[in-house]
Amino acid sequence: MKRPPRILGLVRGSSYDALTEQHSKAEARAGRLAQQLEETKADSRGWKGKTEEATSALKKAQDAAATAQKQLRQAEKQRDEQSRNARKLKDESDKLRKLQEARAAELALLKQRLAESERDLIVAREQLMAIEVKLDILEGAANVLDGRTRDIATRRSGGVGTESGSAV
Amino acid sequence: MAALSDAGIGTPARSPALSIVLTGRNDDHGVDFRTRFFRTLRFNAEQLAAQGIAHEFVFVEWAPPPERPRLVDLVFDAVPGLEPGRCAWYVVDGRYHQALSLNPRLAYHEFIAKNVGIRRARGRFVLTSNCDVFLGRAVLDVFASGRLEPRLVYRAQRYDLKENVGEEGVAWADLEDPQNLARPPRALTLPFMAGATGDFLLVDRESLHQVRGFNEIYRAARFGIDRNFLVKAISSGLSIVDIGGPVYHVDHTGSYHLTADEYAGREHEAPWGNRGWHSRGVSYVNPPTWGLQHAPTQRVAPGQWHLDFSWDAVPPMVDLKGVVLPASRVGRPSPGRYTATRAPARSR
Amino acid sequence: MMPVGTASVPYLTIIATGRNDDFGGDFNGRFFRALHFNHRQLAAAGIAHEFVFVEWRPIDKRPLLASLLADEFAGLSSLALRSYVVDPEYHEAFSLNPRLQFQEFIAKNVGLRRARGEFVLTTNTDIYFSRGVIARLQEATLEPGVLYRAARHDLMSDLDVSDIDWDLLEDERNCEVVNGIRPPLFTNASGDFLLLDRQTSDRLRGFNEVYRVAKIHIDGNYCMKAYTSGVRIVDIGAPVYHVGRGTLHAMRGMYSGRPGDAPWGDVRWKSDVVYENGDGWGLGLAPERVIDRGTTFLAFDWQAVGPMVDLQRVVSPGAPQERAL
């Protein structure tokens, strides 16, 4: 069979059927596509929403990150400051500890010197006691001898004995 | 340690367990020295005999006044119960007093006199005391029990009784009645147990010879010489203990306690010398001839001797090396004590 | 207890010197007390010992201290106590400083040269050995080639020492000064305790007899001599005791402005230099004769006196191989 000329616009029935079937299929497909499109659109809307959500979330996250970063920077800043403070405190603590050690050493030295001085004082006092007792004896002896000498001198000159008495 | 009893002691020549060294003279010291002395001696001699305690009295009559009877010539009549065999009497020539004097105000060298007695005592233990000190019951009990030990200085608390106590005769009731106390007794405190020290010092003879008696180096005062003995004792490693009972002393005119303040402001005139000398701080080393070792001694009667004068027996006037610092010994108390002199140190 | 040494070869010779001159007050009394004490302790520890006493320049018209010593210690045999009396002419012959009244260290050399003990200890007449020193000697573990030193504890001057025992010596309340000793030379009162074996002592040839212008620091100089001769110097680990700080200490202040006038010589002399004594050290060539039990007299003879000046015997300290001679 020869194909009707397309110039009449006439189609065969089989072709029409085929076309109709094609058309139905196409319509079905279009329907499906439209549905898919709708679904896709819906998906797309969903995804858009999600995108928007994600975008929003992203923005939020970005904001949060920015905030966190800001906070981190602040925290770092604080950390640095505290670190400096800690070092400062440690330095001061070290200084204080050295000062305390020095004072403890000084105190120990002072205690030792005090003990030595006390010891020296005891020794000096004991020696002083011995010296004073010796002086007493010497003074007594000198006075007794003085008395005896006066007696002798007095007797030699023909006078009376003194109150301190005679030697023998 | 054997008891100090008479059991088994046959003759007076045998060494007694206890010598009691006293000194004095017939000079009315404290107004009625003779009366007080005889009364006390009578009491003590009776109590010692009653307890059977083997003893001798060693009496040193130092520089007795020549114009008066000597105590040795009066005592056996005044104290009939006193056994001559238990007595050794030493009369010391008066020239020793001047020869030894470093202070003309000192009328009596009590402790040099006691050294004369200590040196010649024969007892295993030697008690130096004074002529008006009554031995207490607890003291007598210790003598009788034989609990005395060597290397100890025994001390006893002195109870001072009122002046009129025992005027008519002394009994335990008089001595032990708390109403008769003139003042609260002074406690004996470690380590020195000082206080009326010269009234009771009991030591074994060997230790006394080791320390050579009382201080003969310092003769410018007699106050504090007994206290100074305690310093010497601790420095020499002896310990001081309380014998466990008192002795008694009746107050009398002229006793130190009653006259101490008479010389306030004029200490240099006091008959006991400078009270403030360092009797608590220094010690001494007597020469080996302490106690007039080389005095020519004449036996004038049984149990009676006269120490004639000789310069050979007189120690050097000044012997500064005999002034020493007391030595501390591990585990024992410090023997010396520094105190600033509390009276003018110089006599005039 | 095992005895240490024998009477004929004692473990220890103790050398001291002096004379009857009352030096420092009651010199004899102090000497005898210390000697009695030390002898008692050594005997109780079973340490065979001899004392060698050298009387230098005895005082005319006074009893010899050697004689008084023999009387005081009559119970000791002549093996245990030997005395050497040195003719007074030696003092003048040796003198390079008329202010020195007593040549302590030449006298000690006389004793060192004649010692018989395995070990010799030079000390002084008023030194008391401590319990630790006695214990160390008793152990008999002293080493040859070692110079032993001991710190001197000075007890208070004027202390009552009429009855000395360990309790008194060891009580810190009685101690006035501890003369500490430190490496390498351990000087400081060294003359009071120098202990070493006799062979080494002979090798060193005693104290400096070349420099005789001072006697102060001669003991420290000996420590330097020992040290530079390769002798190890150690602290024996226990003290010795001395009553008082000594005459030198008591008089030192008097000469602070004029040290050259001091009776011990000028303190400023360079005691770090070393010396080599001659063969005749310690009066080795002096004629000897026995004058009493245990007492030998060293008669004067110029042969026993070395040259007045012998500069080659003064050497610098330093490693032994670098020394002159």
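How many helices and strands does the secondary structure of chain A come to? In this predicted model, where local features need pLDDT of at least 70, side-chain atom pairs count only at pLDDT 80 or more, and totals for chains, interfaces and linings use all residues, the answer for chain A is 1 helix and 0 strands, helices (H or I, at least four residues) and strands (E, at least two) being DSSP runs numbered from the N terminus. Residues are numbered from 1 along each chain as its sequence is written, while chains are lettered from A and ligands numbered from 1 in the order in which they are written.

Of the 168 residues in chain A, 6% are buried, a residue being buried if 20 or more other C-beta atoms, placed from the backbone, lie within 10 Å of its own, exposed if 12 or fewer do, and partly exposed in between. For chain C, with 325 residues, the buried share is 44%, and its secondary structure consists of 9 helices and 15 strands. The C-alpha atoms of chain C fill a box of roughly 50 × 45 × 40 Å along the principal axes.

In chain B, helix α8 (residues 225-235) is largely enclosed by the rest of the structure, because 10 of its 11 residues are buried. Among these buried residues are B:F229, B:L230 and B:V231, and the elements of chain B that cover them include α4 (110-120), β6 (152-155) and α7 (205-211). Just after α8(B), B:G237 adopts a positive phi of about 90°.

Between chains B and C, 16 residues of chain B are in contact with 15 residues of chain C, contact meaning that the C-beta atoms, placed from the backbone, lie within 7 Å.

Note on methods:
Contact = placed C-beta atoms within 7 Å.
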